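Please read the following paragraphs beside the sequence and the 3D view.

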Amino acid sequence: MTPAPVSVSRVRGRELSLLAGVVVAVLALGWIVARDVRQSADDASQLYERLSHGLNLIDDLQFNAQEVRRILLYALHTSDANLQLQYAEQSRAAAAQVQTLIDSGAAVMPARTRRYLGVVGQRWQHYLVVRDDVTGLILERSLPEAVALDQSRGTARFNDVRQALADLKASFESDAATQVEYARARADRATWRLTLLVVSALLTAAVGIYLINRRAALEGLLRIEAHKGSILQAVPDPIVSTDAEGRIVELNEAAERTFGFSRADALGTRLEEVIVPERVRAVLTVAFARMPEAPRTVWPRIETIARRLDGTQFPVELAAVTHTVGPDRIWTVHIADMTAWRQAEEQLRRAKEAAEAADRAKSEFLATMSHELRTPLSGVIGIADLLQNARLTASQTDLVRMLRSSASALLGLVSDILDYSRVEAGQMNLIPVSFSIQSLIEDALDPVTEAAARKGLDLGYVIGPEVPALVLADQDRVRQVLLNLLSNAVKFTETGEIAVHVGATAAGAGSALITVRVRDSGSGIPAHLHDQLFQRFTQLQRSPGGPRGGAGLGLAISERLSRLLGGTLSVDSAPGVGSTFTFVFAAGAAPSGESTDPVAGSLAGVRVVALVGPGVVGDQIRSLLARWGTRLRVVVRNSDAPLPAGDEAFDAVVVDGDAWDGGLGALALHELTALGAHLPVVMIRRLRSSPVREFEPAGLVIAKPVRASALHEALCAATGVARPTADLKMPSPPGELFASDSLAVLLVEDNDANRRVVQLMLEDLGLKVDEAADGFQAIERARSRQYDVILMDVQMPGLDGLQAARRIRVEQRVKPPIILALTANVMEGDEAKCREAGMDGYLSKPLRLETLAAVLAPLASQKS
Amino acid sequence: MGTDLGLVRNVALVAALVCWSTIGPAAAAPALQAPAAAEALAVIVHRSNPVDGLTLRELRQIFMLDTQTWPNGRKITVVLREKGQPERGEAIRLICGLSEAQFERHVLFQTFRGTLVSGPRSILSASAMLRFIFNAPGAIGYVPSDQVDDTTKVLRIDGMLPLDPRYPLRRRAPRPDADAHDRR
């Protein structure tokens, strides 16, 4: 960039001197013209004076000369000497006047005319001689002589005078004409000069204005230029401007620095030759050629390679704009050095890869860990289960129960971790099955019942009538979320109740959004902590000294699971009010048609009076009884509703023993039973609440949370209504379901404890089992005997389960056994591996008795 | 009349001599002139007139219109003061020795006789007399000697200028008897 201020001052100095010169010239011209005009005006007035004076003088001369003669001749007409003398004197005076005029005229007349004046003077003198003679003759009374003299010589001489005067006048007039002409020429010259002056003054003014404007414009331009230049220089990236042929016309310091050439060298050279390496020139040329013609078009960014003067190359990103200045099209190219960017990208990519690798490693670790943990835990739990069925002392039974519960808790933790890692890894696959929401909720309430009873919390649920009885969803995941919410609710609630409300809204054809609301009356959570609730490994310090426990994964998993289930998990809570967790999941319509409760309306017409509290248990009883079709009278404790009058008859009484305690219930019952001779009583109470003596006659006691089937059964029993038992899906009671020879089972398991557990479970089911400790043994056994079912652990030392299964598949083609994998490897893809190895299915560890029975039962029936 | 003249002349001469001897010639002229100028008549002609002097007799002949041309042949024009003015009668008496009435009778006589070409001209004042003479080359007139200027020529009478004590045309104090006599 050229330093602007120098050129500004130089230009200013030049302009100032030019302007000053012009002004001086105009002033000088003005002075000359003023002098000319003044001079010509003076000349004209002088000329006028002189001419008028001269003409007057000539006129006076003529007049007075006439007078001289005329007056003298008056004297002829009188005889009075005095009068004659007077006329003569007058004539003489006039003559003297004439002479005076002639004398003064000499001073006035121009030289050429003065000659004529001299002639006039001479002739006048000649005439005066005659006149004097004539005067004398008149005075001497020689009138005839006087007249004769005047007529002869006087007239002639006077005519001479007149002629001379005429000549004088002519000469004077001609001279005057010349002078007038001269003065006019001079005035014309002055006029021309004046015109010139005006024109030049106008020109000067115009030039001055032009210069001032140009100055202002130039300074504005220079200011803008300096501003733009500083912007250009301030940009840390190279900026290069080229003309249409690609020759560099401007560049900034960053460009010099980056490419290593000096500005002087770069100007005029072609951009491609300087900074574009040979191998990308063609590409860029094409890119240039494809530029749209419109001005100010932004060039799309082009990533390419640039070359420095020393030959090194580096990645750049080009962005160009084009604009048209006059006939020239100018390209301005912004060149971003992408070296650092690329390095950062590379680093980022590596960091991301490292992080991903670390994350994978973590997931792997978690999976492996959980697998490794689950395997021994299965053994612990299995053994505990078996011990529970053994004959033990009461204290031993308690110990076993504690052992079982601790192991279960530990397994739950491990499962949580595994679940979470699977959800995080996106490996969680949903397995939709058809299930009853009511059963699901009752099952989910089970595990927290004991804890709730310990704290004196009421548990209950209300299912809205719009909720279908059977839905299609991943039951296990729904249960998992529900369990988590319930255990949290119990954990953080000290008094009151925990209520589950289920609703449904239609969401498209055949599907619905099921909303499960878990409301507790616990300590509540401040609003600002709600967001943290669903983050993993976060445990809120809800209250000082409040309960802690778990890995902090529960809500995080639940939230992710609910999203996976096509729903949401949200919280509405405030300290002191309690919390409501709302869990929404998408459910399809159950394929098997049963969308209503099979026992609905089964108790139609049965008259029931319900003595309940204001809480959820009352709501649950009311909703269940209403659904079953009873004629229901509900009396809520501490409400205004009175007890039924004496003339009303009832078939049964349902009492919430915890709500109607302290003798109040007994009193009410007493009144009611007094009415009807024998009124069956169904009492509902918490698991651990002390037995109420007053209710003893009732006999039928149901523990909270109330299972619908239990209440239904109790009411049927109390009122003698037949129960449609066939429709109720009661879990099969464990026991020896199979004949001992019904299935030939081979158990392959390297872990002794686990093998023992599964063996005991199978024996509990009535099956005899062969055992193998590894793959080789399994193959041996399979060769020696035809097995109907082979339960194969996958991970074993030596030959693992997959290889063993392949081998067995190859060898046992005639009557292939059912091979089921036993695995704690429940990561995605494991099942595929098992199937690829020729297995028919898999059983997830820890193995439960019911699962085992459910899997084996159809095989046994097939075989029989 | 001759005795009176002689007396006056003597007195003037004595006074002039006394004055001349006492105060010197420079102051003597006005002293000598004053009494003469007051009374003398200067006869004047045009300056171009060749005549420088006349005898009293010639002057009388001219004024009596007996001589009517100048020696050079030019006609003589006699100029007097207007009738009724004292200067007219005075001059006629001094020059012609006639009363005014006698002079008029003489002029009439001359006119009838046919010898007179043109009679004398009359002028109102001394200054007009001077200017008339100045303009008319053939004219002759008179003015009191103290009014003479250089526009005209003063003639010597009997060889004397008016300053001369013996200058003949000198007015006397007016005599009432003479006047009465004239009227008679």
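Helix H11 (residues 437–455) of chain A packs against helix H12 (residues 475–491) of chain A at an angle of about 15°, and their axes are 9 Å apart. Helices here are DSSP runs of H or I with at least four residues, numbered from the N terminus. Axes are lines fitted to C-alpha atoms over the stretch in contact, and angles run from 0 to 180 degrees between N-to-C directions. H11(A) and H12(A) are therefore roughly parallel to each other; angles under 35 degrees count as roughly parallel, over 145 as roughly antiparallel, 65 to 115 as roughly perpendicular and the rest as oblique. The crossing of H11(A) and H12(A) is right-handed, a term for a near helix turned clockwise from the far one by less than a right angle, with anticlockwise giving left-handed.

This is a predicted model, in which local features need pLDDT of at least 70 and side-chain atom pairs count only at pLDDT 80 or more, while totals for chains, interfaces and linings use all residues. Residues are numbered from 1 along each chain as its sequence is written, chains are lettered from A and ligands numbered from 1 in the order in which they are written, and side-chain values use heavy atoms, leaving out hydrogens and water.

Among the H11(A) residues that meet H12(A) are Leu440(A), Ile441(A), Ala444(A) and Val448(A), and the H12(A) side includes Val478(A), Leu482(A) and Leu486(A). Contact means heavy atoms within 4.5 Å. By class, the contact of H11(A) with H12(A) has 13 nonpolar, two polar and three charged residues. Ala, Val, Leu, Ile, Met, Phe, Trp, Tyr, Cys and Pro count as nonpolar, Asp, Glu, Lys and Arg as charged, and the others, Gly among them, as polar.

H11 also takes part in a charged pair: the side chains of Glu450(A) and Arg401(A) form a salt bridge (3.8 Å, N to O). Glu450(A) lies in helix H11 of chain A and Arg401(A) in helix H10 (residues 394–424) of chain A, 49 residues apart. A salt bridge is a side-chain nitrogen of Lys or Arg within 4 Å of a carboxyl oxygen of Asp or Glu. Over all chains, the structure holds 45 salt bridges.

Helix H9 (residues 339–389) of chain A and helix H18 (residues 752–764) of chain A pack at about 40°, with axes 8 Å apart. H9(A) and H18(A) are therefore oblique to each other, and their crossing is left-handed. The contact includes Gly379(A), Gly382(A) and Ile383(A) of H9(A) and Val757(A) and Leu760(A) of H18(A). Its residues divide into four nonpolar, six polar and one charged.

The axes of helix H2 (residues 81–108) of chain A and helix H3 (residues 111–139) of chain A come within 10 Å and cross at roughly 170°. That makes H2(A) roughly antiparallel to H3(A). The contact of H2(A) with H3(A) has 12 nonpolar, seven polar and four charged residues.

What joins chain B to chain A? In this contact, 18 residues of chain B touch 19 residues of chain A. The area buried between the two chains is about 1400 Å², with 48% from carbon and sulfur atoms; buried area is the accessible area (1.4 Å probe) that two parts lose on being put together, summed over both. Arg121(B), Phe132(B) and Asn135(B) supply 42% of the area that chain B buries against chain A, more than any other three residues. The count between the chains is one salt bridge, and the side chains of Arg74(B) and Glu140(A) meet in a salt bridge (3.0 Å, N to O).

Methods
Helix = DSSP H or I, 4+ residues; strand = E, 2+ residues; numbered from the N terminus.
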